[in-house]
Amino acid sequence: MDDKLFEKRYETYREAVEAYLNRLFLGDYPWGKLHESMRYSLLSGGKRVRPVLTLEVARLGGLRNWRRALPFACALELVHTYSLIHDDLPCMDDDALRRGKPTNHAVYGETMATLAGDALQAEAYGLIANALKLGTRAKVNAVASLSWASGANGMVAGQVLDLTDFGRDRWTLTMLCDKKTCFMIKCAAELGCAASNASSEVCNATQTYASLLGLAFQIQDDLLDVIGDEETFGKPIGSDKEEGKTTFVDLLGVDGCREEVRRLTAEAVEALHGVEDTAFLERLALNLAERTK
Ligand code: GRG
């Protein structure tokens, strides 16, 4: 797939996600700035990789009108946004910048930021339950997948490993990244499969692809924290070191990380073998391996 075609499809998905998210939490309620703070982080220029993946997998899985999967795709983005708001809090990573802008608590205060994250997480399940064009089985599968990926043995467990002293050999670091990053990216593929009632071939291939993509994505993130450009990356460079975190760069070195990202990306693409029409996913993996933000 050439650059133009890839970018056009990515933009079509991204714009549909932005439009859907932009319609949320607009009511005029007397709870202070809760809705405003939720929208602040939700609409602050994320790459939307996870919802784009859900929509493309839904299309591949046979959902001819992929827009029907938007509530699932956006539910995942709500949970992702909650995790970023909480991750930036003073009791966690204590970051002042996210996507080049002041973090949620820097603008709205810690209490409101915590509550905005809580509300986004709860509302995500509401989006799934109320998805008009999808059936009960798809919704139950989506709820199970999202709660598993983000819950006590998933993303939150990854965050516990990240913020407490569990040691950082390669095994522990891989488990940490698996839970903190890969589970949510794999969940993106699972939600696309749930929305489209995809065949087992499509489910297996896209979910293996997404897990490998997730690990490559995290290693690239670790690399960017060392060799990235602050303005493009949207947060300070060197924050992992400052926080005393051992990352893949410490274990593998810069060149070793680059090689590992290449290897995992090639494996992710290989996992799609046997499924038709995967050019967009192949291109997505290659582009993410070279991302600078
Ligand atoms: C607070 C329970 C809890 C979990 C936080 C997501 C997370 C766990 C921490 C954020 C820090 C981090 C490096 C996470 C790894 C996953 C990752 C690279 C997230 C950033 O995702 P992008 O690059 O973000 O897709 P955008 O800004 O594009 O949405």
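The structure is a predicted model, in which local features need pLDDT of at least 70, side-chain atom pairs count only at pLDDT 80 or more, and totals for chains, interfaces and linings use all residues. Residues are numbered from 1 along each chain as its sequence is written, and side-chain values use heavy atoms, with hydrogens and water left out.

**Ligand shell**
- The ligand is surrounded by 19 residues (a heavy atom within 4 Å), and K47, R50, H80, R99 and Q218 are the closest.
- This shell divides into 6 nonpolar, 7 polar and 6 charged residues (Ala, Val, Leu, Ile, Met, Phe, Trp, Tyr, Cys and Pro count as nonpolar, Asp, Glu, Lys and Arg as charged, and the others, Gly among them, as polar).

**Polar contacts and burial**
- For R50, a side-chain N or O atom is 2.7 Å from an oxygen atom of the ligand, and for H80 the corresponding value is 2.8 Å.
- Taken alone, the ligand exposes 700 Å², of which the protein buries 93% (Shrake-Rupley method, 1.4 Å probe).

**Helices and overall form**
- α4 supplies the largest share of the ligand shell, 6 residues.
- The C-alpha trace spans about 55 × 45 × 35 Å along its principal axes.

Key:
Polar contact = N/O pair within 3.5 Å; in protein donor to acceptor, adjacent residues only side chain to side chain. Helix = DSSP H or I, 4+ residues; strand = E, 2+ residues; numbered from the N terminus.
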